[in-house]
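Subject: Structure handover

Hi there,

Here is the structure I promised to pass on to you.

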Amino acid sequence: MPAEKPRAKTVGRPPHLSLDAIVAAAEHILETEGAEKLSMRRLADELDSAPMALYYHVRNKDELLLLLMEAQARRIERPELPEDPRERLIAVSIMLYELLADRLWIVQVVAGGDLIAPSALWFVEEMIGAIVDCGHTLEDAVYVYRTIWFTIVGDLIIRANGNQRRGRATGPTYEDQVVAGLVSGTHPRLAAVADRWAELNGRDTHREGLTAVIDGLLRSVETVKGR
């Protein structure tokens with residue numbers, strides 16, 4: 001019998017990998033290790049594959065991050081929102097904050113570049129629309145939205161970093177120690193709350209804080225902009 005001809009190598013995506021599997025593995029890394037740990041090599045290790053095999057499915061890490069954010073955004077159910085525009089703006093802002101608080105890797109990604117999930121833009125549309133319905137121009141609405149957005153992202157980044165520091169610490173953090181060492185002669189107000197500083201500083205007041213920021217912006221947007 002003639003020898004059997006060797007099979008020609010097929011060109012294309014490796015059969016043991018799929019885009020869904022890659023996205024799921026990347027989400028696992030992001031949720032358990034954080035955005036800074038996600039790399040194509042780390043992802044390949046998670047999938048027991050070679051890094052080059054991933055490039056059959058995604059061009060680069062940025063495309064992977066976009067796919068991840070888009071997958072997250074598509075899972076979010078749009079709630080029924082209040083009719084009152086102020087209440088609607090507050091509701092959407094708090095919802096956005098709390099969704100991101102549960103997905104801090106997204107905050108790390110958007111803070112480090114210009115990536116955005118198209119399916120998440122309904123948040124922006126609702127917020128800008130609510131501001132316009134409160135009687136402001138589109139230009140003012142964009143300003144107010146951006147201020148709220150920066151407030152949300154800034155708060156979450158600071159809280160995430162603070163949680164990491166406190167998680168590593170076996171006792172009071174450096175900040176707690178510094179405040180505890182202040183004396184009433186130079187810092188009377190801080191010294192008065194020094195023994196409760198860690199407790200007060202660690203309170204979760206995002207709902208009250210966002211409401212206050214939004215109310216202040218809606219009442220005095222012209223003054224805030226210096227016009």
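Predicted model: local features only at pLDDT ≥ 70, side-chain atom pairs only at ≥ 80, totals over all residues.

Helix α5 (residues 85-101) and helix α7 (residues 121-133) cross at roughly 155°, and their axes come within 8 Å. Since angles over 145 degrees count as roughly antiparallel, α5 and α7 are therefore roughly antiparallel to each other. The crossing of α5 past α7 is left-handed. On the α5 side, the contact is made by Pro85, Arg88, Leu89, Val92, Ser93, Met95, Leu96 and Leu99. On the α7 side, the residues are Trp122, Phe123, Glu126, Met127, Gly129, Ala130, Ile131 and Asp133.

Pro79 sits in the loop between α4 (61-75) and α5. With a relative accessibility of 37%, Pro79 counts as partly exposed. Leaving out residues up to four places away in sequence, Pro79 touches Met95 and Trp122. Met95 belongs to the α5 side of the contact described above, and Trp122 to the α7 side. Pro79 and Val92 are 13 residues apart along the chain, and their C-alpha atoms are separated by 9.2 Å.

Val132 is one to look at in α7. Its relative accessibility is 31%, so Val132 counts as partly exposed. Setting aside neighbours within four places in sequence, Val132 is in contact with Thr137, Leu138 and Ala141. Val132 and Pro85 lie 47 residues apart in sequence, while their C-alpha atoms are 8.5 Å apart in space.

What about α4? Its packing with two other helices is worth a look.

Helix α1 (residues 19-33) packs with α4 at an angle of about 85°, and the axes are 10 Å apart. That makes α1 roughly perpendicular to α4. From α1, the residues Leu19, Ile22, Val23, Ala26, Glu27, Leu30 and Glu31 meet Leu64, Leu67, Leu68, Ala71, Gln72 and Arg75 in α4. Nine of the residues in the contact of α1 with α4 are nonpolar, one is polar and three are charged.

The other partner is helix α6 (residues 104-111), which packs with α4 at an angle of about 135°, the axes being 11 Å apart. The two helices, α4 and α6, are therefore oblique to each other. As with α5 and α7, the crossing of α4 past α6 is left-handed. Leu65, Leu68, Met69 and Gln72 of α4 make the contact with Trp105, Ile106, Val109 and Val110 of α6. Here the residues divide into seven nonpolar, one polar and no charged. Leu68 and Gln72 are listed in the contact of α4 with α1 and also in the contact of α4 with α6.

One backbone detail is also for your list. Most residues other than glycine have a negative phi. Asp48, however, has a positive phi, near 55°. Asp48 lies in the loop between α2 (40-46) and α3 (51-54). At 69% relative accessibility, Asp48 counts as exposed.

Finally, the chain as a whole. How many helices and strands does the chain have? There are twelve helices and zero strands, and the pattern along the sequence reads α-α-α-α-α-α-α-α-α-α-α-α. Of the 227 residues in the chain, 35% are buried. Among the contacts with a separation of 6 or more, 70% are between residues 24 or more positions apart.

Happy browsing, and do write back with any questions.

Best wishes

Technical notes: Residues numbered from 1 in each chain as written. Heavy atoms only, no water. Axes fitted to C-alpha atoms, helices over the stretch in contact; angles between N-to-C directions. Helix = DSSP H or I, 4+ residues; strand = E, 2+ residues; numbered from the N terminus. Parallel < 35°, antiparallel > 145°, perpendicular 65-115°, else oblique. Left-handed = near helix turned anticlockwise from the far one by under 90°. Contact = heavy atoms within 4.5 Å. Buried < 20%, exposed > 50% of the residue type's maximum accessible area, 1.4 Å probe, protein only. Nonpolar A, V, L, I, M, F, W, Y, C, P; charged D, E, K, R; others polar.
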